[in-house]
Amino acid sequence: MRVVTWNLWWRFGPWADRREAILAVLRELAPDVVGLQEVWAVDGGENLAASLARDLGLHWDWSPSPAPERWQRRIGDDTVGVGTAVLSRWPVVERAVLRLPAPSELDDGRLASYARLDAPGHRIPFFTVHLTSGGGPAGAVRREQAAALAGFVTAHRHGTAHPPVVTGDFNARPEAPEVRLLRAGGLRDAWDHAAPGAPSGTWDTANPYVAHADGEPSVRIDYVHVGPPGPGGLGRVLAVRRAGAGPVDGVWPSDHAAVVADLAADGTAPAPASGPGTPGW
């Protein structure tokens with residue numbers, strides 16, 4: 001099973017051209033399930049999640065932000081919404097949305113979305129999230145949001161042997177407390193199974209949309225987390241890498257690179273042959 005997480009940079013930059021580049025990358029990846037952040041929808045017009053799902057032949061679920069005003073002011077258009085979305089090869093049979101906690105001065109309506117996917121053999125509890133960005137006090141807000149996310153996952157992971165899959169833009173480095181909090185709760189960072197030395201920066205200063213970040217190194221702030229494998233290794237991480245980390249026909253798809261993780265779908269896949277992952281996981 002191929003899982004992708006990707007922040008699509010909303011309606012910033014050359015968004016119409018970027019939409020085609022995003023589609024090209026996803027079409028090449030042929031994912032089974034995708035968690036998307038900063039997805040746009042126009043009042044009475046196109047919903048990016050819906051149009052990508054249509055072109056890729058996938059099911060979709062969209063969770064609009066309840067407070068998009070700060071986003072809208074940045075582009076001067078109050079007809080465009082923002083939110084999170086799930087694209088899936090299988091139908092969504094259950095869904096829920098969590099508005100993440102934030103003080104009023106930092107609250108721009110960020111969400112965690114849950115979709116239970118009717119995959120063959122085992123239903124999959126799948127989540128995607130977009131934590132608050134920024135430094136200083138935003139770090140404490142992200143820790144509170146990560147704690148809320150952990151509770152949200154616990155509440156919806158029942159009734160299936162498949163481990164929960166949690167994707168998203170955490171706006172935090174792997175060593176940050178908000179990311180460590182999920183590991184302490186039993187979720188594992190799929191990147192542990194990346195090839196040694198593989199490029200990891202999903203916020204990459206080689207990207208021209210990120211070039212304004214003077215002096216900042218490329219960092220990984222986007223994640224696929226997976227719970228402990230089910231019977232026979234069901235949901236075991238087999239491989240992980242970046243995607244969308246360069247231009248498509250001269251157009252960079254987003255200011256973030258995607259993360260792609262391949263998971264064992266039937267509980268019979270062997271452990272990865274190489275990589276620094278935890279034995280037995």
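Helices (H or I, at least four residues) and strands (E, at least two) are DSSP runs, numbered from the N terminus. You're looking at a predicted model: local features need pLDDT of at least 70, side-chain atom pairs count only at pLDDT 80 or more, and totals for chains, interfaces and linings use all residues. Residues are numbered from 1 along each chain as its sequence is written, and side-chain values use heavy atoms, with hydrogens and water left out.

Start with helix H5, residues 177-184, and pick out Glu178, Val179 and Leu182, which are buried (under 20% relative accessible area, 1.4 Å probe, protein chains only). They sit on the same side of H5 because they cover an arc of only 105 degrees around the axis, taken from the directions from the helix axis to the C-beta atoms. Now show helix H4 (138-156) and strand S10 (222-226): the buried residues of H5 pack against both, with contact meaning heavy atoms within 4.5 Å. Step just past H5 to Gly186, whose phi is positive, about 100 degrees.

A cavity here is a set of points on a 1 Å grid over the protein atoms alone where a 1.4 Å probe fits but cannot get out; lining residues have an atom within 4 Å of a point. Volume is the space filled by probe spheres set on the points, which are joined across faces, edges and corners.

How many cavities of 30 Å³ or more does the search find? Three, across the whole structure. The largest holds about 70 Å³; select Glu38, Trp71, Asp108 and His130, among its lining residues. Strand S4 (residues 80-88) gives the most to that lining, three residues.

Key
On a 1 Å grid over the protein atoms alone, a cavity is a set of points where a 1.4 Å probe fits but cannot get out, and a pocket is an open set with protein on both sides within 12 Å along at least five of seven lines; lining residues have an atom within 4 Å of a point. Buried means under 20% relative accessible area, exposed over 50%, partly exposed in between (1.4 Å probe, protein chains only).
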